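The following paragraphs lead the reader through one structure. Please keep the sequence and the model in view while reading.

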Amino acid sequence: MKDSLERESKWDVDPACTLPTLDDLVPDSRVEKTQVELTSTYFDTTDHDLLAQNVTLRRRTGADESGWQLKVPQADGRVELTAALSDELPRELAELVTGVALGKELAPVTTIRTLRTRHRVFGADGELVVEVDDDTVHTTPAEQDADPLDWREIEIELGPQTDTAPTVLVDRLVEAGARPSTYPSKLSRVLSARSAREITTDAERAIHDYVTAQIDTIFAGDIALRRGENPIHDTRVASRRLRSTLRVFGKLLDSSAIADIEDELKWYAGLLGEVRDCQVQRRRLADKISELPLELVLGPVATRIDTTLLSEQLTSRKELAEAMNSPRYLKLLATLREWKSNPPLGPRIKGRKLVQRADRAARKADRRLATALQDQRDESLHRARKAAKRARYAAELREPVREGAKAKSNIKRYKQIQGVLGDHNDSVVSAAFLWRIATTAGTAADENGFTFGLLYANEKHAAADAREKIAEIAAAR
């Protein structure tokens, strides 16, 4: 299975629109013009769950583009995964969208036929600069009561080394009457989107946009995890942001819609955390060992630490993979999928209430920090860190509504507190791990506990430094 990054924009044009000239977009360019006929059968669930995440899965025939193609959105475009043409849906592609499909069966939902005039613009060095596709489209929906559609559109796809579409190209398209498409894909134009709850206030929009962003990150992480990639951190943070939203702003939300979801998000974030903690500790302790003078590293310390943590990480990764195919996990995704169309908002939410809830989270974080600085207990500092996260995330959510300067200030402050207390927690966790592993040192050849003890002492010192730093931050308020 191959993958490639696709960066494109779509433009609506009238049937009589004349495509502007392309042979002078860049100096000494060459335009290669071809015409192809493409037939694409799209697969989705009956509820169009893939479409809801802007994920497309299709079987395409035509010229050099024949094969199975899965397109997955990411920050800088879409990743296109391709498999060889076959009659049956390839198992590896079907498995990648298990979570996005919510475990439901996939079936053809529409067939789109495209007559494409393809213009590939090459620079003086022979590299592809941009591809401009002039598409005449005809669709045949799978639903018998749906009407076929016909339209014309222009696609601009950037070459591998091109950052943005040439300005002169965009200007000429606009002059010719082209308009940026309101549809992210041909499929989204064909399949009617589910009606969403009407958003009536800025506060409701802020909650909806923030929640939707986290849900999109979780679904993107689902596919990436199934591909064997490592989106653990971003997915875990998105889960935490959602949990924070439910906790801080829960009184403004529909209690029946959010019931038990915080616990389910905590469960999933915990599975991600088991993997992430091992990753962090492996990197952290490897760096700490590399900083020691060679004469103080006695025995296979690095190997023992990395092997132990890697074993724990692989076990946790396996447990995560098993959980991601469980009914419990798929039920959680189904709820989040529903929230995109019907956010769990309570009665009309006003900006004042949103700000009050965010300010309350900030005051709670300050109280938790004051308590932790007074008793100096690791558990109290960890609770203060979690409260600082909630205050930061609440400030992020409310920033678009009102008092943006104050929100920015709170984001900066609680991010700093979160970072320092995160360093403290990493030292505490590392020290506990080193204590545990030091008790078994000496059972292997050429091994003793000296370096483990040294690392342990260093982590204790690092934790003390973090406590001093956080006291300074609190005093500077």
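**Cysteines and helices**

The count of disulfides, each defined as a pair of cysteine sulfur atoms within 2.5 Å, comes to zero. This is a predicted model, in which local features need pLDDT of at least 70 and side-chain atom pairs count only at pLDDT 80 or more, while totals for chains, interfaces and linings use all residues. Residues are numbered from 1 along each chain as its sequence is written, and side-chain values use heavy atoms, with hydrogens and water left out.

Cys-17 has 13% relative accessibility and therefore counts as buried (buried means under 20% relative accessible area, exposed over 50%, partly exposed in between, with a 1.4 Å probe and protein chains only). Cys-278 also counts as buried, because its relative accessibility is 7%.

Helix 9 comprises residues 301–323; helices are DSSP runs of H or I with at least four residues, numbered from the N terminus. Its buried residues include Val-301, Arg-304, Leu-309 and Ala-323. Among the elements that cover the buried residues of helix 9 are helix 5 (202–226), helix 8 (261–291) and helix 13 (404–438), where contact means heavy atoms within 4.5 Å.

Helix 8 and helix 13 also pack against each other, at an angle of about 85° and with their axes 11 Å apart. Axes are lines fitted to C-alpha atoms over the stretch in contact, and angles run from 0 to 180 degrees between N-to-C directions. The two helices are therefore roughly perpendicular, a term for angles of 65 to 115 degrees. Helix 8 contributes Val-280, Gln-281, Arg-284 and Leu-285 to the contact, and the residues from helix 13 include Asp-423 and Phe-433.

Methods
Expected span 1.5 Å × (residues − 1). Parallel < 35°, antiparallel > 145°, perpendicular 65-115°, else oblique.
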